[in-house]
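Hi everyone, thanks for coming. Please have a look at the structure on the screen, and then I'll walk you through the ligand site.

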Amino acid sequence: MLPPGLPTDQKRHNLDPGLQHALEQATQDLTEKGFTQLRDLFSPAETASLRAEAQALHREEKLIPAKVGRGRERIQDLSQRNDSTLWWKETPETEAQALVFERWNQIREHLNRSLFLGLKDFEAHWAIYPVGGFYRKHIDRFREDDARILSAVLYLNPPDWKAVDGGALRVWPEGLEGSECEPIEIQPLGGSMALFLSDRIPHEVLPTNRIRYSVAAWFRR
Ligand code: OGA
Ligand code: MN
């Protein structure tokens, strides 16, 4: 038997009430603007542990300069982006990664129920931007592959990140009837996640004045 007095979704899926509420807000934002932000999705300790993994992999030179495009058109283009990346495996390799997979699944299941997005799996990579790093305005969905539905960027920066450190995510949310709005800037605060529709929302990473850590993920159909 399920405990009485809880919203049905929460009973069925046992979500923490804070996360449940955040995902309800996210559903509304994604419907209205194609963009949302989940703050404090991971604690400072969890974020630090993931950042330490990224730093260790970076020291071991496992991350490589990112490319743009797809298939035979896939090239390194330093005028577009200059971060380095490393793909995650299909199953978590550490406890901290297991927690990220758990959150991805909770988000996926919630949005499948609330928005019928039909999200099946994800692909994800570590991304490290050097001092001076940037990624020019782009859209995440490829021209010849429409599997990417929702982009989810988890930031792993230290708690003392300030606006002067740069590296903001600039997003052009959607207005009424799909019109483009004035851009907004999101600080890449550790433990928070930016979520946006991969096929519709233009965005860019503004130049960062500090090394900038993240995990970029795409939920696919
Ligand atoms: C990307 C991207 C945004 C960010 O990797 O495609 O747009 O804030 N990342 O890191
Ligand atoms: Mn992108």
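The side chain of H203 has an N or O atom 2.9 Å from an oxygen atom of ligand 1. That counts as a polar contact, meaning a pair of N or O atoms within 3.5 Å. Y155 brings a side-chain N or O atom to 2.6 Å from a ligand oxygen, and for R212 the distance from a polar side-chain atom is 2.8 Å. Taken alone, ligand 1 exposes 300 Å², and the protein buries 98% of that; these areas come from the Shrake-Rupley method with a 1.4 Å probe.

A quick word on the source: this is a predicted model, where local features need pLDDT of at least 70, side-chain atom pairs count only at pLDDT 80 or more, and totals for chains, interfaces and linings use all residues. Residues are numbered from 1 along each chain as its sequence is written, chains are lettered from A and ligands numbered from 1 in the order written, and side-chain values use heavy atoms, leaving out hydrogens and water.

Now, which residues are around ligand 1? Among them are Y135, D140, L169 and W218, where "around" asks for a heavy atom within 4 Å. By class, this shell has 7 nonpolar, 2 polar and 2 charged residues; Ala, Val, Leu, Ile, Met, Phe, Trp, Tyr, Cys and Pro count as nonpolar, Asp, Glu, Lys and Arg as charged, and the others, Gly among them, as polar.

Which element gives the largest share of the shell? It's β11, with 3 residues; strands here are DSSP runs (E, at least two residues), numbered from the N terminus.

Definitions and conventions: A polar contact is a pair of N or O atoms within 3.5 Å; within protein, one must be able to donate a hydrogen and the other to accept it, and residues adjacent in sequence count only if both atoms are side-chain atoms. Helices (H or I, at least four residues) and strands (E, at least two) are DSSP runs, numbered from the N terminus.
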